[in-house]
Amino acid sequence: MLKWSHADAFEKRMYETELCKLLNFEIKSENLSNNDVEFYTSVLVNACHMASDTCIPTGQFRPYLKPYWKNKNLKEYHFKQREARRKWIYNDRPRVKGDPSYHNYKLHKREFRKHKRQAEKQWQEEKYEEIKSAAELDIEQFYKRVRRMRKPSSSINKLIYNGNVATDDVNVCEMWSDYFHDLYSDNGDSDNLFDTNFFKKIKDFIQTYIDSNDNCAIPYLERKITIDEVSEQLRSLKFGKAPGPDYLCNEHLLYGGKAILTYVCKLYDIILKTEYIPLCFRHGIIITLYKGNNKDKSSPNNYRAVTLTSVLGKLLEKIILCRVQALLEQMGTVMPHPLQFGFVKEHGSIPAIYTLKESIDFYNEHNSPLIESKSGLIIEHLHIPCVLLADDTTLLSSSKNGLQILLNIVHEYAQRWRLKYNALKSKFVLFSPKKYIQKPDYVFSFGDATILMNATVTYAGTLLDCSRRTFGRTDMACKKLKRKLHSLYNIGVNPNGMSPV
């Protein structure tokens with residue numbers, strides 16, 4: 001395992017020099033094939049590995065090694081204790097108190113344990129001080145340091161899927177493979193779920209457009225990739241991230257220097273010219289993360305899949321995305337929609353829940369001054385058809401018929417563009433002024449599924465009550481705070497040593 005964080009400036013410079021030697025050859029630009037793309041990609045990957053294995057220090061991950069063992073004085077006492085033990089063993093392990101080897105071994109052992117306890121205490125005090133300062137300055141750093149001190153949760157050695165039980169590692173991996181194969185494969189019901197006529201219409205339109213135009217490419221997107229583009233997106237990569245199936249880390253590119261920038265530009269130009277994506281860009285390693293909340297760990301449905309892909313592929317995607325966004329800005333098109341709060345810079349769950357709550361409160365407190373339309377709500381000059389948070393869609397309407405129209409629009413759109421909505425997880429909440437005590441029991445349909453009315457709903461981590469009472473939300477926040485506080489106690493944080501905030 002490469003230790004990029006332990007490499008000094010000289011070793012990083014040697015890596016850059018060695019990589020420059022390995023990539024110092026001409027790349028042909030004519031008569032290119034798919035095999036050429038695979039060849040030049042493998043050359044880059046192998047060159048990065050050869051240079052890093054030669055110049056960058058390596059190490060083995062030892063989970064049992066405690067962090068306070070990095071103390072130099074502790075290592076010296078440990079060495080003396082081991083040397084005294086070797087001499088004691090060499091003398092046939094005598095246990096007589098007057099024996100010098102036995103006395104010396106016990107003495108150095110006591111000294112080592114004494115300094116070990118001191119080093120552990122010093123390390124804990126430093127970490128608690130870091131947690132305390134982070135809690136007052138940066139909440140993100142606070143939880144990052146807390147997670148480092150937590151003990152790993154107990155793993156599950158059993159997986160259940162489709163009535164089958166897997167207990168050993170091989171069977172568990174095979175069951176995960178079957179689960180993701182079923183999840184990401186077409187099970188044959190596409191014709192029943194989606195609009196096949198619309199799919200055929202779009203497919204024929206694209207083929208007709210390609211056949212009728214000799215050059216249907218967009219010049220702005222097809223132009224050669226420059227070093228400045230690669231360098232700009234390369235600076236956005238973070239350190240210490242897990243590699244993809246080619247085992248290339250971000251550091252392989254970040255410390256590669258000008259040689260790797262030039263080679264990557266030529267490689268990406270070949271990819272655009274041949275319109276072929278290398279295999280390593282299309283492969284990934286799926287990591288499963290437990291969702292928590294005391295869900296059944298033996299069920300694959302209670303895990304979230306995270307795919308580790310090639311850093312070279314992600315870098316190319318960043319460059320193409322930047323070009324597409326610039327092109328849309330030139331065309332006067334905003335992407336994504338202003339009401340999309342997920343995966344957007346300077347947006348997130350807080351603006352999403354704020355927009356939703358303000359719309360509801362404005363409607364209830366001003367005696368419904370909203371103009372109903374077939375596409376949501378209109379508050380004065382603001383048009384709010386829905387609130388989007390990544391793949392979560394919240395529809396707003398001032399009447400029953402208006403909401404059903406919105407549901408029909410979403411269902412028709414999903415059928416056309418081959419999207420799947422889980423109606424079982426969908427909820428309907430009626431927010432009305434407090435003077436209306438009795439509320440009707442509405443039932444809405446989403447295709448063939450039925451959506452029932454609920455009194456509460458949790459959106460973006462916030463509990464929303466139909467009567468707009470805040471007691472339930474406050475009670476849930478207090479319980480969550482209590483769990484967090486006890487979890488801090490469990491990792492050894494002394495409550496007397498923390499700030500009351």
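Tyr 15 is buried, with 0% relative accessible area; buried here means under 20%, exposed over 50% and partly exposed in between, using a 1.4 Å probe and protein chains only. This is a predicted model, so local features need pLDDT of at least 70 and side-chain atom pairs pLDDT 80 or more, while totals for chains, interfaces and linings use all residues. Residues are numbered from 1 along each chain as its sequence is written, and side-chain values use heavy atoms, leaving out hydrogens and water.

Now for the partner of Tyr 15. The structure holds 20 aromatic pairs, counted when ring centres of Phe, Tyr or Trp (its six-membered ring) lie within 6.5 Å, with planes under 30 degrees apart called stacked, over 60 edge-to-face and the rest tilted. One of them joins Trp 4 and Tyr 15 edge-to-face, at 5.3 Å centre to centre and 85 degrees between the planes. This pair links distant parts of the chain, 11 residues apart: Trp 4 is in the segment before α1 (9-22), and Tyr 15 is in helix α1. Helices are DSSP runs of H or I, at least four residues, numbered from the N terminus. Trp 4 also counts as buried, because its relative accessibility is 7%.

Further along, Tyr 161, Trp 176, Tyr 179, Phe 180, Tyr 184, Tyr 290 and Tyr 303 make up one aromatic cluster.

Rings meet charges, too. The charged end of Arg 223 sits over the ring of Tyr 220, 4.7 Å from its centre, where "over" asks for NZ of Lys or CZ of Arg within 6 Å of the ring centre and within 35 degrees of the ring normal. Likewise, Arg 418 lies over the face of Phe 199, 4.6 Å from the ring centre.

Notes. Helices (H or I, at least four residues) and strands (E, at least two) are DSSP runs, numbered from the N terminus.
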